[in-house]
Amino acid sequence: MPVQWHASIPSAELASEDCDVFWMRRCLQLAQRGLGGASPNPLVGCVIVNKAGKLIGEGFHAKAGEAHAEVDALRQVCEAQELGYLGADDLKGATVYVNLEPCCHTGKTGPCTDALKEAGIGTVVCGTLDPNPLVSGQGRDALQRAQISVRVGVLEEECAELNCVFFHAMTTRKPYVTLKLAATLDGRLGPRQSAWMTSDMARQEVHQLRSYSDAILTTANTVFSDNPRLTVREGLVGKNPNVRQPLRVVLDRHNRLEAMPHCHVLDTAEAPTLRVVGSGVMVSHIDDAFLVVADTGTGLDLTQLMTGLCERGVTSVWVEAGGTLAGSLLDAQLVNRLKLYTPPLILGDTSTPPMISGRLCGNLSQAIGWNVLNRYTLENTSVLDATPIYPA
Ligand code: AOF
Ligand code: ZN
């Protein structure tokens, strides 16, 4: 992508805190280019500004195993230097803005702190510390030991929010679970096998959000009633041939899918599938396509499921199933986010399933509250984006 080598900040008179905020916003924008590719790594964007306050390089983390944002930005500066667009000493004393603390360990790639030291960077401004125990403050300390001045905490909330999945997975060792529900105004899931109730735009958003998730979770019941594909479509694949098809995870306590070998989710040509069966179930041939989870007597142990998924590298789960799984996940306090799509329809028929069922909620003190992050409409469908406030 072309770089505006000498783009300046809007006003040279901006106070240093305003500059920090300005460039950190740019980091957040750049970081989002890694959506759907960077996982299980965080979304990171980086901007390098020379001593004169000019933008000299930008970068982002595109894919796990590839260059970190800081290295990507440094590489851009070096290329511009080789072409003669920038002077040899443009990096000396420059300021690096990055939404996450630079790493100081060797993972799939080397430590960013070393790359910044070698480049002669003078100041590093970061949004948040990295919750990865291999980093968590040690990146900052390594920079300071090398006489690089470090400021942490610029747009801290936005930076943490952008990486809510990474932060959650790193600190809890469980994936960040988003419950997607599409329900009528009277809270019903709609008749079986019915066409999409929600608008085209809502459907497109769902496919986009599926593609940003590591896994899509459903149940054998949903497979039996709807035979869904649970792949990313809606023109996204044509637009971007590298679009990621998430792992499909089917909760199949009694291994009922064995009787349905031709269902769409067992066709793994387009996307992989993990079958989750209860301990004690007889499976004719168990391999990597299966995960065995304890059976609690009333269902699969969902907490163990989430830990098992995280161990397999799944940091985010998108749930598309019926009301019973929704109720069980909420009861286990495993839902981190709700996306509720509501078309302007009333079924008024108690024979169609409710969007949530099975919670034992005796009184209001046991209700789950919701912290509303956003409400918007996509054509005729209203969308609620919220995080739960669980009862104590
Ligand atoms: C950064 N900049 O752009 C990213 C960071 O296996 P690796 O080498 O890719 O390291 C992954 C870890 O590095 C990840 O868990 C997180 O702690 C940090 N990610 N750090 O300085 C970046 N993506
Ligand atoms: Zn790094």
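# Close-up views of the predicted chain and its ligand

**View 1. The whole chain, before zooming in.** Buried residues account for 39% of the 392 residues in the protein chain. Keep in mind throughout that this is a predicted model. The protein chain is built from eleven helices and 14 strands. Its radius of gyration comes out at 24 Å, close to the 21 Å that the globule rule gives for 392 residues, so the chain is as compact as a globular protein of that length. As for contacts with a separation of 6 or more, 71% of them are between residues 24 or more positions apart.

**View 2. The shell around ligand 1.** Here we zoom in on the 18 residues that surround ligand 1. The closest are Val44, His68, Gly107, Lys108 and Asn132. Sorted by class, the shell has nine nonpolar, six polar and three charged residues.

**View 3. The nine-stranded open sheet.** Read across, the strands come in the order E10-E9-E8-E7-E11-E6-E12-E14-E13, and the pairing is mixed. What stands at the edges? Strand E10 (290-293) and strand E13 (369-378) do, and each has a single partner strand, so one side of each is left without a neighbour in the sheet. Neighbouring strands in this sheet are turned by 20 degrees against each other on average, direction ignored.

**View 4. E7 beside E11, with helix H10 lying across.** Strand E7 (residues 215-219) and strand E11 (residues 316-319) run parallel and are joined by three bridges. One residue pair to pick out is Leu217 and its bridge partner in E11, Val319. Now bring in helix H10 (residues 302-311), which lies across E7, strand E8 (247-251), strand E9 (273-278), E10 and E11. Relative to E10, H10 runs at about 140 degrees.

**View 5. The antiparallel end: E12, E14 and E13.** Strand E12 (residues 337-342) pairs with strand E14 (residues 381-389) in the antiparallel sense, over five bridges. In that pairing, Lys339 has Asp385 of E14 as its bridge partner. On to E13, which also runs antiparallel to E14, with nine bridges joining the two. Asn371 stands opposite Thr387 in E14. The hairpin of E13 and E14 has two residues between the strands, and Glu379 takes a positive phi near 50 degrees there.

**View 6. Lys174, a lysine in a loop.** Lys174 sits in the loop between helix H6 (164-172) and strand E6 (176-182). Is this lysine buried or exposed? Lys174 counts as buried, because it has 20 C-beta neighbours inside 10 Å. Leaving out residues up to four places away in sequence, Lys174 touches Ala169, Met306, Thr307 and Cys310. Gln304 is 130 residues from Lys174 in sequence, yet their C-alpha atoms are 9.3 Å apart in space.

View 7. Ser39 and Pro40 are joined by a cis peptide bond, with omega at about 5 degrees. Pro40 belongs to the loop between helix H1 (16-31) and strand E1 (45-49). Next up is Gln147, which is not a glycine but has a positive phi of about 65 degrees. You'll find Gln147 in the loop between helix H4 (138-145) and strand E5 (149-152). With 8 C-beta neighbours inside 10 Å, Gln147 counts as exposed. Gln333 has a positive phi too, near 55 degrees. Its loop is the one between helix H11 (323-331) and E12. Gln333 has 13 C-beta neighbours inside 10 Å, so it counts as partly exposed.

View 8. Cys361 lies in the loop between E12 and E13. How many other C-beta atoms lie within 10 Å of Cys361? There are 15, so Cys361 is partly exposed. Setting aside neighbours within four places in sequence, Cys361 is in contact with Gln366 and Ala367. Asp331 is 30 residues away from Cys361 in sequence and 9.4 Å away in space, C-alpha to C-alpha.

Note on methods. Residues numbered from 1 in each chain as written. Chains lettered and ligands numbered in written order. Predicted model: local features only at pLDDT ≥ 70, side-chain atom pairs only at ≥ 80, totals over all residues. Near = placed C-beta within 6 Å. Nonpolar A, V, L, I, M, F, W, Y, C, P; charged D, E, K, R; others polar. Pairing = 2+ DSSP bridges. Helix = DSSP H or I, 4+ residues; strand = E, 2+ residues; numbered from the N terminus. Axes fitted to C-alpha atoms, helices over the stretch in contact; angles between N-to-C directions. Contact = placed C-beta atoms within 7 Å. Rg over C-alpha atoms; globule rule 2.2 N^0.38 Å. Buried ≥ 20, exposed ≤ 12 C-beta atoms within 10 Å, placed from the backbone.
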